[in-house]
Amino acid sequence: MLVWNPHPWPYRGHVEWEAGLDYHPLSASPSRTNDMPLRVLDSRGRTVPFQIVATEHACHWDVPWRKRVVVPVQLPPLGWSVFQFAWVEGAVPPASTGPAITAKPG
């Protein structure tokens, strides 16, 4: 996943994306779609903390094939960073470093 900062100032905050975990539905845990092991890596291959949020897709919601995550990022002005987001058998997400992200009324 390429994350682009179109602004002429640095960005430090969260981004959200939803993506397929594989080119076909994963059959490893069809009855436990919320227990799929995921991993997010930064451009240097380091594990990045993330929060799983509800997907917006309406197709095969009971089959583990798509996930949606919120990831903290730091992007340079007019720059980008590349992240990897995938299902990895046996992967354990890093421990949370704070409270869950919640929407604030605007």
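A nonpolar surface patch of about 540 Å² is formed by Leu2, Trp4, Leu78, Trp80 and Val82. Patch members have over 30% relative accessible area and no salt bridge; like charges are joined within 9 Å and nonpolar side chains (Val, Leu, Ile, Met, Phe, Trp, Tyr) within 5 Å. A salt bridge is a side-chain nitrogen of Lys or Arg within 4 Å of a carboxyl oxygen of Asp or Glu. Areas come from the Shrake-Rupley method with a 1.4 Å probe, and for residues only the protein chains shown count as cover.

The model is predicted: local features need pLDDT of at least 70 and side-chain atom pairs count only at pLDDT 80 or more, while totals for chains, interfaces and linings use all residues. Residues are numbered from 1 along each chain as its sequence is written, and side-chain values use heavy atoms, with hydrogens and water left out.

**Exercise 1.** Determine how the rings of Trp17, Phe83 and Phe85 are linked.

*Solution.* 
- Step 1: rings of Phe, Tyr and Trp (its six-membered ring) pair if their centres lie within 6.5 Å; planes under 30 degrees apart count as stacked, over 60 as edge-to-face and the rest as tilted.
- Step 2: this rule gives a count of three aromatic pairs. For Trp17 and Phe83 the centres are 5.8 Å apart and the planes lie at 45 degrees, so the pair is tilted. Trp17 belongs to strand S2 (residues 11–20) and Phe83 to the loop between S6 and strand S7 (84–87), so this pair ties together parts 66 residues apart in sequence.
- Step 3: for Trp17 and Phe85 the centres are 6.3 Å apart and the planes lie at 65 degrees, so the pair is edge-to-face. This pair joins S2 to S7 across 68 residues.

**Exercise 2.** Describe the surroundings and partners of strand S5.

*Solution.* 
- Step 1: seven of the 10 residues of S5 are buried, so this strand is largely enclosed by the rest of the structure.
- Step 2: S2 and S5 run antiparallel and are joined by 10 bridges; two strands pair if DSSP finds at least two bridges between them. Ala19 stands opposite Lys67 in S5.
- Step 3: strand S4 (residues 51–53) also pairs with S5 in the antiparallel sense, over three bridges. There Ile52 has Val69 as its bridge partner.

**Exercise 3.** Summarise the whole chain.

*Solution.* 
- Step 1: the protein has zero helices and seven strands.
- Step 2: of its 106 residues, 30% count as buried.
- Step 3: among contacts (heavy atoms within 4.5 Å) between residues at least 6 apart in sequence, 74% join residues at least 24 apart.

Terms used. Helix = DSSP H or I, 4+ residues; strand = E, 2+ residues; numbered from the N terminus. Buried < 20%, exposed > 50% of the residue type's maximum accessible area, 1.4 Å probe, protein only.
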